[in-house]
Structure formats: structure tokens, C-alpha cells
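Here is a briefing on a predicted model.

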Amino acid sequence: MPKLWCSVPSDAQDVESLRVIRNSCREFMTSMTDEISPEVQAKWWVGSPIFRGTPLLFHLLTEPNPIGFGLLRVQGVMWLTGGLLPRFRGVGYGAPLFKTLIALSLGSGLEPWLRVRSDNERALKLYRSLNFSAERQSRVIVELGAEKFEQITMKYMQSWSCAV
């Protein structure tokens, strides 16, 4: 499988790629499930003090455009968010994307946390395989149209090994 590499969005085309990828993932979001317009995206991602986070684009050498996004947001801990374009889901790219986000979080000295919808079994399986543990299932309700879902808050449980 080709390796992923990441970059920080640096121009209008990158910002638009970020918007398209994020909107393709909105059905799995735990907040802000509305489609984001180019105008809103420009406010949030182009040097706005309103938005507090570091967005990343994930690429494959075999693809001309980014295939995924990641977001690191500091609020006492490091909150992770990420997603892939539909045709790249379920084929092994989620793990390296989130491993990169975890490494960046730990490298900054902050604990990685994330939120996931309780009905997103694929993501829950991935996060558990990466050593995330459910801290609590909140009463926060995610609404997407007429559907409502609970969200689960998960904390990264760093594994330690000791050689004796």
C-alpha cells in the first residue's frame, strides 16, 4: 500500500480540497454536520482567529489531489479529527492518518482525545485498534437531518512495554 504524507494547506486550492474532503465526511461528524460553503471555509481556514487548530492534508504519491484531512485542536488536551474521501475508506488509510495525528499530538506533549458517533462502528474499531479507550458516552446528541446520535469521547491510552 502506498504511504501517506501530509502537508499544511498553503493556498486556495488546498483550502478548497480541505473543504471538499471535510464535506464528504460530514455524515460522520460529531459537531458542525452542515455542509461548509467556500465562504465559511475561507473564514475558518485562512488565518482566522475564530478557528483554533492546525489543519493537515493527507496525500498519496499516486493521486494528484489530497485524499484525506486531519485536524489538531488544543483545548487543554489535543483533540483529533480526520477523514478520508469515500473511495479511500475501509482500505487501510485511516490507521496511518490517525497514527500521524497521534504522533504529532504526543510530540507536542498533549494527550490525544477524539469524539466519535456511537453508530460509527468502522471508526470505533479503528480507534480501539490504535489504543483509544472510551472515557464516556455523552448525552451530547449529534443531529444530521432527522437522525440523532450520541457521541463517545475517547482518550488515547499510551502503551508501555518493559523489557525484563
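Contact means heavy atoms within 4.5 Å. By that rule F98 touches L80, T81, G82, L114, L126, Y127 and L130, leaving aside residues up to four places away in sequence. This is a predicted model: local features need pLDDT of at least 70, side-chain atom pairs count only at pLDDT 80 or more, and totals for chains, interfaces and linings use all residues. Residues are numbered from 1 along each chain as its sequence is written, and side-chain values use heavy atoms, with hydrogens and water left out.

**Nonpolar cores**
- A nonpolar core is a set of buried Ala, Val, Leu, Ile, Met, Phe, Trp, Tyr and Cys residues joined through side-chain atoms within 4.5 Å.
- Buried means under 20% relative accessible area, exposed over 50%, and partly exposed in between (1.4 Å probe, protein chains only).
- The largest core has 26 residues; L80, F98, L101, Y127, F132 and M154 touch the most other members.
- Elements giving two or more residues to this core include β4 (77-84), α3 (94-107) and β7 (147-156).
- Helices (H or I, at least four residues) and strands (E, at least two) are DSSP runs, numbered from the N terminus.
- A second, separate core of six residues includes L18, I21, C25 and M29.

**Helix α4**
- In α4 (residues 121-129), A123, L124, L126 and Y127 are buried.
- Seen down the axis, these buried residues fall within an arc of 165° (directions from the axis to the C-beta atoms), so they line one face of the helix.
- E121, R122, K125 and S129 are exposed on the other side.

**Cysteines**
- The whole structure has zero disulfides, a disulfide being a pair of cysteine sulfur atoms within 2.5 Å.
- C6 is partly exposed at 32% relative accessibility, whereas C25 is buried at 5%.
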